[in-house]
Amino acid sequence: NIKQQGRNGWAIYHDSMMQKAWESARFLQDLTQAMALNQFELWYQPKFNAQQLALSGFEALLRWRHPVKGVLLPEQFLELLEKSGQMVPVGRWVIDQVCRQLQVWAEQGRDDWTLSVNLSTAQFEQDDIFDLVSDALNRYRISPVRLTLELTESTALRNLARSIEILNDFARLGITVSIDDFGTGYSNLLTLKNLPARELKIDKRVVKEMRENGKNIKIVSAIIDIAHTMNMNVVAEGIETLEQKQLLTEMGCGQLQGYLLARPVPAQELPALLDNLPFRQPERGERHTRTRFQGK
Ligand code: C2E
Ligand code: MG
Ligand code: MG
Ligand code: MG
């Protein structure tokens, strides 16, 4: 108890409070400068077709290379980025960067590589989101079919009428719309059918809980079946064990993503990562460059 510790205890307590306040003010200041100092990076995590374990695309994931703390994950700064009103400008940079990377890959002969990017609610709700994305695609001369936009169901449901309109615009352009983190929060398969989304991503927590009881397995299996009925491809994220990989493949889940298969890495580390996958990649001829819904 602070009082019992007397004046000295209070001083220590007071100092540590001051220390914390100072540190979080400093952290916010660092974050405010991060864009200008080029400290944001995108790392890329491969996705694989479940049947053949053939590479089917990548997801771009934001990282902040802090000068003192090292490489930070979104959970360490995304909320602060939103609160401090910087999510939108950083999100613009992400879209530009993603299209730039698609162009770099095309120049390296990888014009079959596709990339998914996460959109925050604030970013999706910008009036100019469609122009922003289509301008970036034009600027780097990227075919829209190489781009997937991931947004969560809760983002899409905030203003359903508007979401349907904008997502239809994206879909008409040839961009793939993907519903991320499915199975967390407010999940409703029926509202999904109103959205022009071609992909459903099952959240990693749902994958993790799968083995806890047989009922969970049946639920995941039902989600996959219903998604297929709605002509959606299904991606399971957070695959960490062989058992999860096995179960989801047997259930007909089309694509898998997770540490078991490959971790997110900076672009320059991708060639080495792909050369050293713990499983064989199909030869070029037998490779499915783009996993499409294969019916059931
Ligand atoms: P998400 O879009 O659902 O991305 C999947 C997250 O799971 C990533 O975390 C990825 O690194 C992690 N992950 C992949 N495989 C595994 C696995 O086997 N096990 C576990 N435990 N985790 C795995 P990350 O990179 O920390 O990103 C977290 C979230 O931050 C993302 O979740 C996404 O919602 C958000 N985010 C990331 N990049 C961006 C961005 O550029 N813009 C926006 N708006 N949000 C982003
Ligand atoms: Mg995602
Ligand atoms: Mg997700
Ligand atoms: Mg998420």
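Is Leu260 buried, partly exposed or exposed? At 29% relative accessibility, Leu260 counts as partly exposed (buried is under 20% relative accessible area, exposed over 50%, partly exposed in between, with a 1.4 Å probe and protein chains only). This is a predicted model, where local features need pLDDT of at least 70 and side-chain atom pairs count only at pLDDT 80 or more, while totals for chains, interfaces and linings use all residues. Residues are numbered from 1 along each chain as its sequence is written, and side-chain values use heavy atoms, leaving out hydrogens and water.

**View 1. Leu260 sits in the loop between β9 (255–256) and β10 (265–266).** Strands here are DSSP E runs of at least two residues, and helices are H or I runs of at least four, numbered from the N terminus. Setting aside residues up to four places away in sequence, Leu260 touches Ile239, Glu240, Thr241, Leu242, Lys245 and Pro278 (contact means heavy atoms within 4.5 Å).

**View 2. Helix α7 (residues 160–173) has a buried side.** Arg162, Ser163, Ile166, Leu167 and Phe170 are its buried residues. Down the axis of α7 they fall within an arc of 120°, so they line one face of the helix (the arc is taken over directions from the helix axis to the C-beta atoms). They pack against α4 (121–124), α5 (129–139), β5 (147–152), α6 (153–157) and β6 (176–182).

**View 3. Here's the other side of α7, plus what comes next.** Exposed Ala161, Glu165 and Arg172 are on the face turned away from the buried side. Gly174 follows α7, with a positive phi near 110°.

How values were computed:
Chains are lettered from A and ligands numbered from 1 in the order in which they are written. The expected span of a helix is 1.5 Å times one less than its number of residues.
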